[in-house]
Amino acid sequence: MVFTPEQVSRYSRHILMPQVGGPGQRRLLESKVLVIGAGGLGSPVVLYLGAAGVGTIGIVDFDVVDLSNLQRQLLHHTADVGRLKVDSAADTVAAMNPDVQIVKYAEPITSDNAMDLIGQYDVVVNGVDNFPARYLVNDACYFLNKPLVDGSIFLFEGQTTVYLAGKGCYRCLYPAPPPPGMVPSCAEAGVFGVLPGIIGSIQAVETIKLLLDLGDSLAGRLLLFDALAMEFRQVKIRRDPNCPLCGDNPTVTALIDYEAFCGVSIVP
Amino acid sequence: MVSVYIPTPFRRLTSQQPRVHVEASTLADLVSNLERLYPGFEGLLYDDRGEFLNHLNVYVNNRDVATLEGKGTLLREGDEVAFIPAIAGGVR
């Protein structure tokens with residue numbers, strides 16, 4: 001791939017850095033990242049990956065833009081209310097960087113499509129808002145040996161990490177979801193608008209580091225952020241030898257019924 | 001006194017305080033004392049067998065108590081205990 005003069009200028013601040021350079025920028029342009037959820041977390045992820053010139057970004061989201069999303073979901077604008085989030089996201093990225101191809105999946109992630117979708121990408125970024133989809137994406141990424149950049153938020157707090165096969169997974173960290181009704185959703189409890197900007201931006205950092213094989217990833221570490229206290233905390237994540245997915249004697253060997261596992265509906 | 005980090009979903013029990021200080025010599029002790037000070041707290045931590053819930057991790061000085069002595073983990077003056085539940089938000 002030969003850079004056009006416009007690309008040399010557009011990506012000059014990356015190309016100048018020895019850690020990225022021309023070869024790294026080329027690698028980004030040839031990379032494929034799947035972002036699951038084009039909402040609070042997905043917005044900064046898609047915006048930064050798009051600006052950085054990640055060549056193909058798949059976006060999975062079946063929802064339409066609601067006025068109440070705009071307090072934090074920077075991919076979408078007032079005129080987009082009522083449109084599919086994948087359409088709105090694609091237009092936003094197209095206006096920012098024509099080098100990026102957005103592949104739109106206006107459907108929920110399910111046990112039927114997860115392996116096929118995830119199998120086509122280099123890295124998966126998780127920004128889903130419910131437990132069944134979190135376990136589903138975790139399991140599918142493990143089976144396909146795809147790095148998963150995970151993030152979640154609630155009120156003023158966020159959590160983010162990277163799962164690499166063999167270094168622990170979501171089930172090692174949280175073997176089972178909370179009983180239904182125990183943890184309210186953001187739609188019920190609210191969420192501080194800037195919070196997904198912080199967590200999603202960290203997810204974008206980790207994604208680009210993985211694509212370029214730079215630095216130390218968050219694999220094996222859970223990063224916790226409390227906006228009110230303005231505190232970051234790190235705790236270790238270990239692969240659990242008893243994990244039903246990635247442990248020594250796995251019992252989960254194919255995708256399961258995640259709604260039944262969580263006792264809730266996957267589509268709220 | 002042990003410093004206890006209260007995650008946002010639990011703060012309704014602590015009048016929104018993010019951190020409380022409690023006397024305790026073990027983790028099990030700490031949970032009993034938290035329940036006494038903030039009725040209902042234990043129900044956020046234990047399942048019906050009295051074990052920590054599966055969607056909750058407990059850290060003493062940022063070390064997972066599953067790698068220490070679980071509920072029997074000894075606590076010392078100045079230790080920090082953090083309760084970190086799974087959260088799911090992202091999209092909506």
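**Close-up views of a predicted two-chain model**

**View 1. H4(A) passes H10(A) in a right-handed crossing.** A crossing is right-handed if the near helix is turned clockwise from the far one by less than a right angle, and left-handed if anticlockwise. This is a predicted model: local features need pLDDT of at least 70, side-chain atom pairs count only at pLDDT 80 or more, and totals for chains, interfaces and linings use all residues. Residues are numbered from 1 along each chain as its sequence is written, while chains are lettered from A and ligands numbered from 1 in the order in which they are written. Helices (H or I, at least four residues) and strands (E, at least two) are DSSP runs, numbered from the N terminus. Helix H4 spans residues 42-52 of chain A and helix H10 residues 195-212 of chain A. Their axes come within 7 Å and cross at roughly 40 degrees. Axes are lines fitted to C-alpha atoms, for helices over the stretch in contact, and angles run from 0 to 180 degrees between N-to-C directions. H4(A) and H10(A) are therefore oblique to each other (under 35 degrees is roughly parallel, over 145 roughly antiparallel, 65 to 115 roughly perpendicular, the rest oblique).

**View 2. Residues of H4(A) meet residues of H10(A).** On H4(A), the residues are A:Ser43, A:Pro44, A:Val45, A:Tyr48, A:Leu49 and A:Ala52. Their counterparts in H10(A) include A:Gly197, A:Gly200, A:Ala204 and A:Ile208. Contact requires C-beta atoms, placed from the backbone, within 7 Å. By class, this contact has 8 nonpolar, 6 polar and no charged residues. Ala, Val, Leu, Ile, Met, Phe, Trp, Tyr, Cys and Pro count as nonpolar, Asp, Glu, Lys and Arg as charged, and the others, Gly among them, as polar.

**View 3. Chain A holds an open sheet of 8 strands with mixed pairing.** The order is E3-E2-E1-E4-E5-E6-E7-E8. Strands E3 (101-105) and E8 (231-236) of chain A stand at the edges, each with a single partner strand, so one side of each lacks a neighbour in the sheet. Pairing takes at least two DSSP bridges. E1 (residues 32-36) and E4 (residues 123-126) of chain A run parallel, joined by 4 bridges. A:Ile36 has A:Asn126 in E4(A) as its bridge partner.

**View 4. Helices H7 and H10 of chain A lie across strands.** H7 (residues 131-144) lies across E1, E4, E5 and E6 of chain A, at about 170 degrees to E4(A). H10(A) lies across E1, E4, E5, E6 and E7 of chain A, at about 175 degrees to E5(A).

**View 5. Chain B touches chain A through 20 residues, in contact with 40 of chain A.** E5(B) gives the largest share of the chain B side, 3 residues.

Key:
Two residues are in contact if their C-beta atoms, placed from the backbone, lie within 7 Å.
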